[in-house]
Amino acid sequence: LPAAHGLVPPQCGLVIVDHGSRLPSSNNQLLKVRDMVRGLTSGDPRIVGVEHAHMELADPTIEQTIARMKKKGARTIQVMPYFLSKGRHVTSDIPKLVKDACKKHNVDYRISEALGPHMDLAELLVKRAGYPKKAPLLVVDHGSLRPQSNKQLLEIVEDVKKIVQNKVQHAHMELAKPSIRDGVRVVRETLRAKDVHVLPYFLSEGRHTTVDIPKLVKESATEFGVNYKISGPLGPHEDLAKLLVKRAFPGY
């Protein structure tokens with residue numbers, strides 16, 4: 001089955017899938033989210049377990065985790081993509097790997113939507129920033145060569161605007177415009193502001209949030225004479241775990 005239908009089927013195994021990394025510290029963040037989902041679903045007799053898997057680069061793989069779920073008695077696998085947007089990994093790569101693994105182990109499967117765009121993510125972005133009251137906000141994602149992927153950031157920015165009174169701009173770290181430099185320039189030259197609060201639209205802490213974005217923001221802020229503050233990434237956070245469950249089982 002290509003998508004979730006809202007109800008929890010009997011003997012259901014939940015599998016949270018991220019991209020996977022060569023950095024153990026990045027992979028360990030998914031364990032924290034898995035444990036949060038376990039806490040949210042504990043006591044539900046329909047759920048035989050909550051496990052995690054990586055699409056590539058690290059173990060456990062999707063096939064390994066589905067095999068483990070089958071041994072636990074799962075008859076249906078509910079796959080929960082730990083991705084912010086509906087890109088190729090969510091629409092093509094993961095479904096193929098899941099389909100092959102479930103066929104091999106003779107279990108049914110369902111796949112939830114990606115986490116975003118969703119108003120809950122906008123709420124979490126603002127929460128992670130500490131609900132800033134004055135400075136313009138610059139929401140930054142990785143950027144993509146696919147225009148459709150970049151448009152999803154605009155949806156999040158529109159949701160953020162519904163929550164705060166601050167001016168809100170967006171930028172991409174690479175691969176697309178506007179760049180971080182473009183965003184900081186707008187803050188200074190168009191909005192006439194001397195401060196900016198950068199909100200990274202990333203799920204977890206990694207090189208992009210600890211090195212690349214701070215470097216680009218610092219260079220741009222120095223060039224245009226702007227003071228800046230950078231929030232941490234979205235996760236791991238209990239609100240993300242709740243959204244994973246909501247995406248799989250609306251109304252749970």
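Two strands are taken to pair if DSSP finds at least two bridges between them. Helices (H or I, at least four residues) and strands (E, at least two) are DSSP runs, numbered from the N terminus. The model is predicted, so local features need pLDDT of at least 70 and side-chain atom pairs count only at pLDDT 80 or more, while totals for chains, interfaces and linings use all residues. Residues are numbered from 1 along each chain as its sequence is written, and side-chain values use heavy atoms, with hydrogens and water left out.

In β6, H172 is the bridge partner of D141. β5 and β6 pair in the parallel sense over five bridges. Both strands belong to an open sheet of four strands, in the order β6-β5-β7-β8, with parallel pairing. Each of β6 (168-172) and β8 has a single partner strand and stands at an edge, so one side of each is left without a neighbour in the sheet.

Among the buried residues of α7 are T209, V217 and F224, where buried means under 20% relative accessible area, exposed over 50% and partly exposed in between (1.4 Å probe, protein chains only). The buried residues pack against β5 (137-141), α6 (180-190), β7 (195-200) and β8 (227-230), with contact meaning heavy atoms within 4.5 Å.
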